[in-house]
Amino acid sequence: MVLVAVGAIACQTSPVANPDASDCRIVQHPLGETCVPVQPSRVVALDHTTAGNLLSLGVMPAGVASNVLPELAELIPDVLRLGQSGQINLEALAALQPDLIIGGAWELEPTYDKLSAIAPTVAFEMQTTADWQRPFRFHGQVLGLESRAEAVLNQYQQRVEMLRNQVGSPPVQVSLVRVMAQSGQIGLYLKNCFGGSILADLGFSRPLSQNEGTPDQPPFSQLISREAIAQADGDVILLSTFGATPEIAAAAEAELERLKTDPLWRSLQAVQQNQVYLVGHYWGAGNSPLAADWVLDDVEQYLLQRSG
């Protein structure tokens, strides 16, 4: 089941001027208030959360930050990349003639005035990646698609309820591990990360070292050393890597290969029982209903078969 039919999204390409007051509505956001077009047609997403939420709402972005998730990038091969989040190429952005710019407040704040001079700009906040439904609803509000946003979240909830009935008793203990590009460092995702919140919705258990955190309070992950690798164990380990640039991604992949030969890693119960599965970085920070569907696909493939 796929929440969003991305292939059916239409992209309007005619430029629209910055709206007059009669053509827009005021939206309050963390960096101020913005008069947003009633029907924006050239929306730019300056982070992967916004990009995923636009696609989840059936809106094709006119441009995106370069460091979107690989799975998102595959869905929008022809959409212009504008540079890393927080380092956006303003000339390329202006050339797109957007009628709305959306991004995270923590990245937009330094250049908010410059961005607002290009097009109406709206910022959102998210304390942890478990807090993903709140910005999704906000993006729906900004775009005037509140009803569509609620319908998408209802689809998510319906699928969760269906899958929750298939979780065994006692539930499988799921460890979420990210191999970092830095040598010898491993990240553990806590229950207030994106995938952790979905595992909680489904009723899975987490290792003691990861069973902490609240949606409104960072951090949602913690680093451990090689010597503390026992904290990464569980009935199942879902393993991921990520790099915002190709160089960082390659370094993380190299660390993963090194980890596979580490005696301490190979001593873990999940490793010895062949219960380690490579998944996407969306488990840690997917942050959209579209990515939630990918997480639930992995749950069906790797966890529910074992639960049964």
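Student: Which residues line the largest cavity?
Tutor: Please keep in mind that this is a predicted model. The structure holds one cavity of 30 Å³ or more, and the volume of the largest cavity is about 30 Å³. The residues that line the largest cavity are Val179, Gln182, Gly184, Gln185, Ile186, Glu255, Arg258 and Leu259.

Student: Which element gives the largest share of the lining of the largest cavity?
Tutor: Two elements give two or more residues to the lining of the largest cavity, namely strand 9 (185–189) and helix 9 (246–260). By class, the lining divides into three nonpolar, three polar and two charged residues. The largest share, three residues, comes from helix 9.

Student: Is strand 9 mostly covered or mostly exposed, and how many of its five residues are buried?
Tutor: To count as buried, a residue must have under 20% relative accessible area. Judged in this way, strand 9 is mostly covered, and the number of its five residues that are buried is four.

Student: Which residue takes a positive phi in the hairpin of strand 8 and strand 9?
Tutor: Strand 8 (residues 174–179) pairs with strand 9 in the antiparallel sense, over three bridges, and within this pairing Val177 stands opposite Leu188 in strand 9. Five residues lie between the two strands of the hairpin, and the one with a positive phi, near 85°, is Gly184.

Student: Which residue of strand 10 stands opposite Ile186?
Tutor: Strand 9 is also joined to strand 10 (residues 221–225), by five bridges, and these two strands run antiparallel. Ile186 is one of the residues that line the largest cavity, and the residue standing opposite Ile186 in strand 10 is Ile224.

Student: Which residues are joined with Arg258 into one network of salt bridges?
Tutor: Side chains of opposite charge can pair when their charged atoms come close. Arg258 forms a salt bridge with Asp262, and the closest N and O atoms of this pair are 3.6 Å apart. Salt bridges that share partners extend this into one network, in which the residues joined with Arg258 are Arg226, Glu227, Glu255 and Asp262.

Student: Is Asp262 buried or exposed?
Tutor: The cut-off for a buried residue is under 20% relative accessible area. Arg258, with a relative accessible area of 31%, is partly exposed, whereas Asp262 has 3% relative accessibility and therefore counts as buried.

Student: Which residue meets Arg159 in a salt bridge, and where does that residue lie?
Tutor: Arg159 has its place in helix 7 (residues 146–164), and because its relative accessibility is 3%, Arg159 counts as buried. The side chain of Arg159 also makes a polar contact, at 2.8 Å, with the side chain of Asp297. The salt bridge of Arg159, at 2.5 Å from N to O, is with Asp293. This pair links distant parts of the chain, 134 residues apart, and Asp293 lies in helix 13 (residues 289–307).

Student: Why does Asp293 count as buried?
Tutor: A residue is buried when its relative accessible area is under 20%. Asp293 falls below that cut-off, so it counts as buried, its relative accessible area being 3%.

Student: How many salt bridges does the count come to?
Tutor: A further example is the pair of Asp131 and Arg134, whose side chains meet in a salt bridge at 2.6 Å from N to O. In that pair Asp131 counts as buried at 13% relative accessibility, while Arg134 counts as partly exposed at 44%. The count of salt bridges comes to 10.

Student: How far apart in space are Arg206 and Val172?
Tutor: Arg206 has its place in the loop between helix 8 (194–202) and strand 10, and at 8% relative accessibility Arg206 counts as buried. Arg206 and Val172 are 34 residues apart in sequence, yet from C-alpha to C-alpha their distance in space is 8.2 Å.

Student: Which residues lie nearest the centre of the largest pocket?
Tutor: The largest pocket holds about 570 Å³ of space, and by class its lining has 12 nonpolar, 12 polar and three charged residues. The elements that give two or more residues to this lining are helix 1 (48–56), helix 4 (105–108), strand 9 and strand 10. Of the 27 residues that line the largest pocket, those nearest its centre are His48, Thr129, Phe220, His281 and Ala285.

Terms used:
Residues numbered from 1 in each chain as written. Predicted model: local features only at pLDDT ≥ 70, side-chain atom pairs only at ≥ 80, totals over all residues. Heavy atoms only, no water. 1 Å grid on protein atoms, 1.4 Å probe; cavity = no way out; pocket = protein on both sides within 12 Å on 5 of 7 lines; lining within 4 Å. Points joined across faces, edges and corners; volume = space filled by probe spheres on them. Nonpolar A, V, L, I, M, F, W, Y, C, P; charged D, E, K, R; others polar. Buried < 20%, exposed > 50% of the residue type's maximum accessible area, 1.4 Å probe, protein only. Polar contact = N/O pair within 3.5 Å; in protein donor to acceptor, adjacent residues only side chain to side chain. Salt bridge = Lys/Arg side-chain N within 4 Å of Asp/Glu carboxyl O. Pairing = 2+ DSSP bridges.
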